[in-house]
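Keep the structure open as you read.

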Amino acid sequence: MMKLDPTNLHRIDEGPPSKLQRLIRRSRRRRPSTDATSRMAARLASAGVFAAEAPTSSGGPALLDGVRAGGATLRRLAFGVGGGALALVALGAAWSAWQERPADRMSDAVVAPTTADRTGPSALGTTAAVDSAAVPQPLSTIVPVVSVDELPSTRPGLVATSSTRTEVRSSSPPAPRRSESEFAIIKRAQDAVLSSPAQALDLAEQHARAFPTGELVQEREVVAVEALARLGRKAEAKSRANALLTRYPRTPYVVRLERALGEPLSPAPSTSGR
Amino acid sequence: MSVALSLQQRSPAIAVSRPGIEELFTSCVDFVWRNLYQLGVAEVDLEDQTQEVFLIAHRRYASWNGGHPRAWLYAIARRCASAYRRRGHRRYELCVYDVPENGMEPDPSERFDVNELDRALDGLEEGKRAVFILFEIEELPMREVAAAVGCPVQTAYARLYAARRELARALSEE
């Protein structure tokens, strides 16, 4: 019979090996995929959730704060958590920070290809980012590799010399960039809303054509509403905001949409306006 | 014409010592995710609900005293999961374009083990289960566990020991 002795309390994890201990350790590994985490971070950042804690300098527009905080979060997640795919997502948003941190860049570059293999060229644009990430990797750290086609069948003298390595590298350049990733388009659109709303709107339309059922549909629509509002096309902005609200009644962007429109959105969007 | 929105107001002075929501998200997203799962949120809804927890944390940030961040997030997660379960009857069916990705890292063998523990945990009374998970899996200090579940520390210890006994019995019977 166990006694209640708080001073002498150990976790099962610290005790002798047992089945329960093994199950507990495994259960700790349950976590969202890196893709899921980056989607949540991007949405929370876009919703301005991270902005309130950022130093609010001279009361600048909330949108800018949101975008800045979003970049910072993705960057911190990428370098702090070290998630491969997350690093890839963050690459687009945080290229400048990327340049400043060569040590982290290297560790992430090593992680990147494996993750990309597992997740495949997802909507978050791993393919394009892998290309960029793989480039800075120094040749000296690469294990000599010869492609199967180049293995000698009758000539035993051929080994993986440095010239072979160079040849292999030059013969397999990074895969050509596919079309711009979903995340990159939305990021560019968000960045352009304030300076050039027309361009932001174009990017939103581009996203709508390329990713009609993408992961960032809500983000695209928010950008479109903001851009339309800034262009003075209030009626279009409002109908688009209502459409978003109809399709995603629990969207976290209501506040942002209302801010863009300058008026509250009615909870039942079927009645236009109020 | 523009209408002033009270929603635009930012929370006033924020203590320097408190971690921001962004920081909390970075350090606690896995914790929130796991606990929502244990609190009965379906895998396909974990992403939504995790996001919801941080949205609520953002809204309530001003009223948080900055102590025990994980206990605070756990309390929010518990309310979220409770509201989610109440809505459950309206969401038996979902129309989706694509089969949703459940956000879990794929590893069938690990999953089997984890499910075994889940089944055993399901047999525990809710209070014991919460204490066990927070102390043994999440490794929170017992004082924080007690704060999270809202009971005295001694009660939390008693629940922990009871949970250990019941789990050991359940697993040995399988």
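Buried means under 20% relative accessible area. By that cut-off Arg240(A), at 19% relative accessibility, counts as buried. The model is predicted.

**Nonpolar cores**
- The largest nonpolar core has 66 residues, and Phe54(B), Leu73(B) and Phe132(B) touch the most other members.
- Helix H1 (residues 21-38) of chain B gives the most to this core, with 10 residues.
- Not counting residues up to four places away in sequence, Phe54(B) touches residues of both chains, including Leu44(A), Val49(A), Phe25(B) and Leu73(B).
- A second core is separate and has 25 residues, among them Val193(A) and Leu228(A).

**A salt bridge between chains**
- Over all chains, the count is 20 salt bridges.
- One of these joins Arg43(A) and Glu47(B), at 3.9 Å from N to O.
- This pair crosses from helix H2 (residues 34-46) of chain A to helix H2 (residues 46-59) of chain B.
- Arg43(A) and Glu47(B) are both buried.
- Shared partners link Arg39(A), Arg43(A), Glu215(A), Glu219(A) and Glu47(B) into one network of salt bridges.

**Salt bridges within chain A**
- Glu221(A) pairs with Arg240(A) in a salt bridge, with the closest N and O atoms 2.7 Å apart.
- Glu221(A) is in helix H11 (residues 217-230) and Arg240(A) in helix H12 (residues 234-247), 19 residues apart.
- Glu221(A) counts as buried because its relative accessibility is 11%.
- Glu263(A) and Lys238(A) form a salt bridge at 3.1 Å, N to O.
- Glu263(A) lies in the segment after helix H13 (254-261) and Lys238(A) in helix H12, so the pair ties together parts 25 residues apart in sequence.
- Glu263(A), at 23% relative accessible area, is partly exposed.

Terms used
Residues numbered from 1 in each chain as written. Chains lettered and ligands numbered in written order. Predicted model: local features only at pLDDT ≥ 70, side-chain atom pairs only at ≥ 80, totals over all residues. Heavy atoms only, no water. Core = buried A, V, L, I, M, F, W, Y, C linked by side-chain atoms within 4.5 Å. Buried < 20%, exposed > 50% of the residue type's maximum accessible area, 1.4 Å probe, protein only. Helix = DSSP H or I, 4+ residues; strand = E, 2+ residues; numbered from the N terminus. Contact = heavy atoms within 4.5 Å. Salt bridge = Lys/Arg side-chain N within 4 Å of Asp/Glu carboxyl O.
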